[in-house]
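User: I would like to go through this protein and ask, for each label, what it rests on. Please set the values against the definitions as we go.

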Amino acid sequence: MIVRLLVVLSLASACALPALAQPAGSASVDELVEKLSPAPPATRGLRNLVPEPRGIDLVVQFDFDSARIQAVSVPLLDSLANAMRSERLSSLRFRVEGHTDAKGGTTYNLRLSQRRAEAVIAYLASAGVDRARLIGEGRGASNLLQPDAPYAMENRRVRVTAVP
């Protein structure tokens with residue numbers, strides 16, 4: 001019983017760690033595939049344990065007060081599209097979440113983050129990822145990566161999560 005509790009706590013801690021990390025401003029295709037691939041089962045004794053979805057926070061830069069993707073983010077999105085088309089990820093669906101910092105009103109930030117998520121989806125679709133595999137969601141400032149610094153740049157991000 002104690003061992004099972006320790007394993008569950010370890011898994012919960014491991015799943016929480018990515019949320020504390022800095023969003024990636026660049027990543028190779030292999031790194032993205034690894035971050036988004038389903039995790040292997042921990043042990044045979046935990047067969048019914050469903051692992052948390054795997055995801056990664058990315059720094060996708062947009063023009064100010066806009067959903068227009070800046071050219072500096074194109075290489076990252078190209079790597080993401082290549083990763084999503086890879087053999088290991090080709091059967092998965094993905095949630096693309098747009099996030100903002102705490103500047104601005106709640107309703108405005110929700111709309112802006114939704115438009116940014118949709119802009120990333122449109123880019124990925126134009127790069128050959130089947131749009132049916134992508135779900136967009138605007139989160140506004142509801143899930144700050146740095147809650148102690150609500151206006152920090154790290155809060156303005158796109159989170160991509162594999163959907164079971």
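**Contacts, a helix, a strand residue and a pocket**

Analyst: Among the contacts in the protein with a separation of 6 or more, 74% are between residues 24 or more positions apart, a contact being heavy atoms within 4.5 Å. The model is predicted, with local features needing pLDDT of at least 70 and side-chain atom pairs pLDDT 80 or more, while totals for chains, interfaces and linings use all residues. Residues are numbered from 1 along each chain as its sequence is written, and side-chain values use heavy atoms, with hydrogens and water left out.

User: What pattern do the helices and strands follow along the sequence?

Analyst: The protein has four helices and four strands, and they follow the pattern α-α-β-α-β-α-β-β. These elements are DSSP runs numbered from the N terminus, helices being H or I of at least four residues and strands E of at least two.

User: How do you know that the span of helix α4 agrees with its number of residues?

Analyst: The expected span is 1.5 Å times one less than the number of residues. Helix α4 has 21 residues (106-126) and should therefore span 30 Å, and its end C-alpha atoms are 30 Å apart, which agrees. After α4 comes Gly128, whose phi is positive, near 100 degrees.

User: Why is Glu97 called buried?

Analyst: Buried means under 20% relative accessible area, exposed over 50% and partly exposed in between, with a 1.4 Å probe and protein chains only. Glu97 has 8% relative accessibility, so it counts as buried. This residue is found in strand β2, and its contacts, leaving out residues up to four places away in sequence, include Ala117, Glu137 and Arg159. The C-alpha atoms of Glu97 and Glu137 are separated by 4.7 Å, although the two are 40 residues apart along the chain.

User: Which residues of α4 are buried, and what covers them?

Analyst: Among the buried residues of α4 are Asn109, Leu112, Arg116, Ala117 and Leu124. What covers the buried residues of α4 includes α3 (74-85), β2 (93-99), β3 (134-140) and β4 (157-163).

User: Which element gives the most to the lining of the second largest pocket?

Analyst: Helix α4 gives the most, with four residues. The lining is made of eight nonpolar, six polar and seven charged residues, where Ala, Val, Leu, Ile, Met, Phe, Trp, Tyr, Cys and Pro count as nonpolar, Asp, Glu, Lys and Arg as charged, and the others, Gly among them, as polar.
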